[in-house]
Each structure stands twice: as C-alpha cells, then as structure tokens.
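Subject: Structure handover

Hello,

Here is the structure I said I would pass on. My notes on what was found follow below it.

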Amino acid sequence: MADRKPQRLDKAISQVTDLSRAEVKRAAKQERITVNGVAVTDPASKVHESDELCLDGELLGESGPRYFMVNKPLGYVCATKDGEHPTVLDLLDEPNAHKLHIAGRLDIDTTGLVLVTDDGQWSHRITSPRHHCDKTYYAHLAEPIDDSAIDKFAKGIWLNNEKKRTKPAKLEILYRNEVRITISEGRYHQVKRMFAALGNRVLELHRERIGNIDLDDDLPEGDYRPLTADEIASVTAEIS
C-alpha cells in the first residue's frame with residue numbers, strides 16, 4: 001500500500017482549499033478549523049487521511065496527497081503555466097489543480113504517460129538521477145535501424161557536447177524503423193539525441209512506462225485517472 005503518513009494540519013488544509021499555509025495558520029489561531037469536531041489551533045498538529053477536517057463548519061475533502069496518470073496528447077506542454085500552449089494540468093478537472101506538479105516532463109511533440117502529483121517526495125524518487133527510474137518509450141524512426149544498435153545502446157551513447165556516455169539503455173527493434181527503448185536517465189532530449197548520434201532521427205516518440213507504472217491501454221489520449229494504491233506504492237518499493 002502507499003505510504004500515507006500523517007501530515008501537518010496547515011499543509012493538509014492548504015492542499016484542499018485555496019488558502020496558503022500562512023492563511024491556514026491564521027484560521028487555526030482564530031479557531032475556525034476543527035479536526036474530528038474539535039477545534040485545533042496548532043497548525044503543526046498532525047492529521048491522518050481518515051480525520052474529518054472542517055473549515056468554518058464546512059467539511060473539507062480528502063487531505064492526503066493526490067496521484068494521477070495522464071495520457072498526454074501532442075501540443076501540450078509539461079508546465080504549470082504557459083502563455084502560448086495548453087498545459088498538461090489543463091487536462092485535469094480537479095480542485096486546486098494548480099497545486100499539482102509533473103513528475104517527469106515530456107516535450108511538446110512527445111505523447112504518452114505523464115504522472116502528476118502534489119507529493120514532492122514521491123515525485124523526487126521518479127525524477128532524481130540518484131534513483132535511476134526506468135522510462136520506456138516507443139519511437140518511430142526516419143531510417144531503418146539494424147541489430148548493431150542494440151549493443152551500442154547497451155554500452156552507452158556519446159551525445160554531442162557531453163563528457164560522459166549515457167548509461168546503458170535497452171533497445172528492442174520492433175520493426176525496421178520502429179523501436180522500444182528503456183533509459184534510466186533524464187538528459188535533455190535524451191532519446192532523440194541518442195538516435196541522432198547514430199545518424200538517425202526520431203519522427204514520433206511515445207512514453208509507455210515509468211518505473212513499474214504502465215500507461216493504461218483504456219485511457220484515451222487527453223484523459224487521466226487516479227493511480228491505484230499499488231501503482232503509487234511501486235515507486236517507493238521498486239526504485240532504489
């Protein structure tokens with residue numbers, strides 16, 4: 001099961017309302033907040049998911065962190081705000097969606113699995129290079145690719161203007177110019193640059209998997225769903 005530790009009252013309230021943590025602290029001092037029917041004035045008090053939180057007598061929603069998978073379409077950017085393009089967060093019809101963030105970005109021209117949460121520690125385990133979280137992509141290439149590329153990717157690829165090879169990557173050739181590649185780093189435009197280093201070019205890139213979380217085959221492009229408890233827990237359990 002996912003790790004759902006108790007959290008501070010001010011953090012829990014700010015996650016499910018438009019109040020900042022400073023505003024929650026003031027509300028607590030004014031005895032406007034109750035936990036399980038009892039007024040709580042200490043904003044540092046710990047609350048559990050099962051606790052009933054009320055503000056000014058109104059019952060608030062779940063206080064626990066939120067986790068979603070999104071099937072990102074073309075043309076959307078992985079940012080909280082963008083003046084030119086729609087963002088992945090625009091696809092989520094959730095309260096306080098602006099408090100969510102993206103755990104592992106995709107380029108505007110890349111589709112597929114994006115994870116969104118408001119749990120910073122959880123997303124750090126996905127994005128931090130220290131944890132080596134695998135990401136798997138389907139790629140459609142401009143030119144056919146032969147089996148010799150499998151060994152080259154397994155040994156690591158020298159990228160232009162980089163001082164170290166990439167970490168070993170797993171390459172599976174699906175057809176002459178269609179491949180599945182798994183990498184454990186997140187260098188800038190890494191997949192595209194790896195194939196460019198071999199004189200090829202990525203025409204289409206689609207992320208299928210992050211760690212042990214697969215993009216749901218039944219999730220339409222542009223749609224999203226909450227992660228299951230097992231999917232949430234897999235990030236903590238499997239990524240070293």
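The buried residues of H5 pack against S10, H4, strand S11 (170-175), S12 and S13. This is a predicted model, and every value below is computed from it. The residues of H5 in question are Gln 190, Val 191, Met 194 and Phe 195, each of them buried. Viewed down the axis of H5, these buried residues fall within an arc of 130°, so they line one face of the helix. Just after H5 comes Gly 199, with a positive phi of about 80°.

Next, the nonpolar cores. The largest one has 32 residues, and those with the most contacts inside it are Val 116, Phe 153, Ile 181 and Phe 195.

Another core, of 15 residues, lies apart from the largest one; Leu 113, Ile 210, Ile 232 and Val 235 are among its members.

What does Ile 181 touch, leaving aside its neighbours within four places in sequence? Its contacts include Val 191, Met 194 and Phe 195, which are buried residues of H5. Also in contact with Ile 181 are Lys 135, Thr 136, Tyr 137, Phe 153, Ala 169, Lys 170 and Leu 171.

On aromatic pairs, a search of the whole structure finds 3. In one, the ring centres of Phe 68 and Tyr 224 are 5.6 Å apart with the planes at 80°, so the pair is edge-to-face. Phe 68 belongs to strand S7 and Tyr 224 to strand S15 (residues 224-226), so the pair ties together parts that are 156 residues apart in sequence. Both Phe 68 and Tyr 224 are buried. Phe 153 and Phe 195 form a tilted pair, at 5.0 Å centre to centre and 40° between the planes. This pair links helix H4, which holds Phe 153, to helix H5, which holds Phe 195, across 42 residues. Phe 153 and Phe 195 are likewise buried.

Last, the largest pocket. About 610 Å³ of space lies in it. It is lined by 26 residues, of which Arg 105, Tyr 137, Glu 185, Gly 186 and Arg 187 are the closest to its centre. Helix H3 (120-127), S10, H5 and S13 each supply at least two lining residues. The largest share of the lining, 3 residues, comes from H5.

Regards

Technical notes
Residues numbered from 1 in each chain as written. Predicted model: local features only at pLDDT ≥ 70, side-chain atom pairs only at ≥ 80, totals over all residues. Heavy atoms only, no water. Core = buried A, V, L, I, M, F, W, Y, C linked by side-chain atoms within 4.5 Å. Buried < 20%, exposed > 50% of the residue type's maximum accessible area, 1.4 Å probe, protein only. Contact = heavy atoms within 4.5 Å. Helix = DSSP H or I, 4+ residues; strand = E, 2+ residues; numbered from the N terminus. Arc of directions from axis to C-beta. Phe/Tyr/Trp six-rings, centres within 6.5 Å; stacked < 30°, edge-to-face > 60°. 1 Å grid on protein atoms, 1.4 Å probe; cavity = no way out; pocket = protein on both sides within 12 Å on 5 of 7 lines; lining within 4 Å. Points joined across faces, edges and corners; volume = space filled by probe spheres on them.
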